[in-house]
Amino acid sequence: MSTSPKAAAPEREQWSGQLGFLMAAIGSAIGLGNIWRFPGVAYSNGGGAFMVPYIVALLLAGIPVLLLDYALGHRFRGSAPAVFRRLARRFEWLGWWQVFINFVIMTYYAVIVAWSLRYMLYSFNLAWGDDAKGFFYGYIGLGDTPAYSATPIHGVIIPLLLVWAFGLFTVARGVTNGIEKANKVFLPLLVVMFTILVIRAIMLPGATNGLNALFTPQWDALGSYKVWMAAFGQIFFSLSVGFGIMLTYASYLKPRSNLVGTGFVAAFANSSFELLAGIGVFATLGFMAHAQGTTVDQLDGIAGPTLSFVTFPTVISQMPGGAIFGVLFFGSFFMAGLTSFISIIQVVVPAVAEKFGWSIPKATLISGLPAAVLSFVLFGTASGLYDLDVVDAYINNIGVVFSAIVMCIGVGWVLRRTKRLQRHLNLVSETRIVGAWWRVMIEFVVPLLLGFMFVQALWGYATSGYEPSYPRHLEGVFGWGMLLLGAVLVAVFTAAPWRTKVDGFKPVDLDVLEGVR
């Protein structure tokens, strides 16, 4: 039986320089979760004392896994499936699992970005009036009963079309002309706008009370393992590590790149923005409590969609110059989501392009259009918030954590490659600071901590579900059903033949790098 010849893999595109990669990496890490998740997690897990486990988690898990992603992507120079196949053929499936995770995330992430775009426009005339909660639920058409609804929400369609058009257009233009240029515009604009917002927030009456609520340490909270798990979870998800994004971005770096230095800068930049977001959010909540004659701990909605689309609009309506504050907030929120959105698409597109021998524009259309349709059908409907909540919980707490555990155990224990990757990190970077500590983190600490989180989430979802108020069939379809579908698709894509020459790739000889240094 004859087989069609495999096309030679096209020459891999590269970032224009270290700065372009750094801005893209920071743009990916700084997303919606930095603004709507970190402040609430910190406040409910010890306040100022939360910074202790947070920093520990950053050093013990966040940076080590980030460097592992960098090392794999830079050494094997391909999409996630290509990287893991080149690492060991039997691990190709892990790359497709990461592609599936990102495919699912981009279908619902786009909807939240679209909401923020719409709300940025609503801010000009404070369209929500005095009933921000009723306005938001009316805008997204949310029903009283958590159940799937196919009713499309017309107010979401246009901004969602714009978000998808921009995301696919940017990725189709390539790494340098698309993703890098977009981040060089949106990231500085995001930082400037959000900094102005924070300065305005801390000048509001009652802002000090909000900051005291956030930063007053509750040292007894450090005795709870849940607080420590919350810190590791926050670091892990906010850095975009363990599910292909940073691995893919690192694969476009030039052979001689300062991986370690860039990794530390990206990690601390992400954490700095989270801290800035915490200050801005709680200064604003302090003003809200002051205006209502209550205290911050009596307020509802200090995390998640409620914080962004109900609590903040309520505050904006009560404060002087609220329209400008609203434009700044939702504009920042929109740009933070947009830079992360294109990084999620970028994991999927090159994997499909390399597997089937397609050009990047063709792969962008073939993989992006079905995702956009699912985005409208599943999350742009009257049940979109319910569907989104379930899928996000299962795909992150089970799918992403499982991916990271397998990656660490596979590289550290099954293939015994951590020493080689450690050497690679040191030889291509300006300083050799990655030592045995990094191998201990990857081989022992991270798998144990994430394993505990994984078992806890798996047992909880299996026995009582993610949200008790949700019907079990909703979680069955959008939670377990989504993961099962992923397993099937991973098997299909792994079995499909490669149309480009993915095998036979030889990483640069480390001894040669040693000699160059």
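**Figure 1. Helix α17 is mostly covered, with 24 of its 31 residues buried.** Here, buried means under 20% relative accessible area, with over 50% called exposed and values in between partly exposed (1.4 Å probe, protein chains only). The view comes from a predicted model, in which local features need pLDDT of at least 70, side-chain atom pairs count only at pLDDT 80 or more, and totals for chains, interfaces and linings use all residues. Residues are numbered from 1 along each chain as its sequence is written, and side-chain values use heavy atoms, leaving out hydrogens and water. Helix α17 spans residues 384-414 and carries a kink of about 30° centred on Ile395; the bend at a residue is the angle between axes fitted to the seven residues ending there and the seven starting there. After α17 comes Arg416, with a positive phi near 55°.

**Figure 2. Gly286 sits in helix α13, residues 259-292.** Helices are DSSP runs (H or I, at least four residues), as strands are (E, at least two), numbered from the N terminus. Gly286 has a relative accessible area of 2%, so it counts as buried. Leaving out residues up to four places away in sequence, Gly286 touches Pro205, Gly206, Ala207, Gly210 and Val296, where contact means heavy atoms within 4.5 Å. Widen the view to bring in Met106: Gly286 and Met106 are 180 residues apart in sequence and 34 Å apart in space, C-alpha to C-alpha.

**Figure 3. Thr284 is another residue to look at in helix α13.** With a relative accessible area of 1%, Thr284 is buried. Setting aside neighbours within four places in sequence, its contacts are Ala201, Phe312, Val315 and Phe325.

**Figure 4. Stepping back, the protein chain shows 21 helices and zero strands.** Along the principal axes, the C-alpha atoms fill a box of roughly 75 × 50 × 45 Å. Of the 517 residues, 58% count as buried. Among contacts between residues at least 6 apart in sequence, 84% join residues at least 24 apart. The accessible surface comes to about 19,600 Å², with 66% of it belonging to carbon and sulfur atoms; areas come from the Shrake-Rupley method with a 1.4 Å probe, and for residues only the protein chains shown count as cover.
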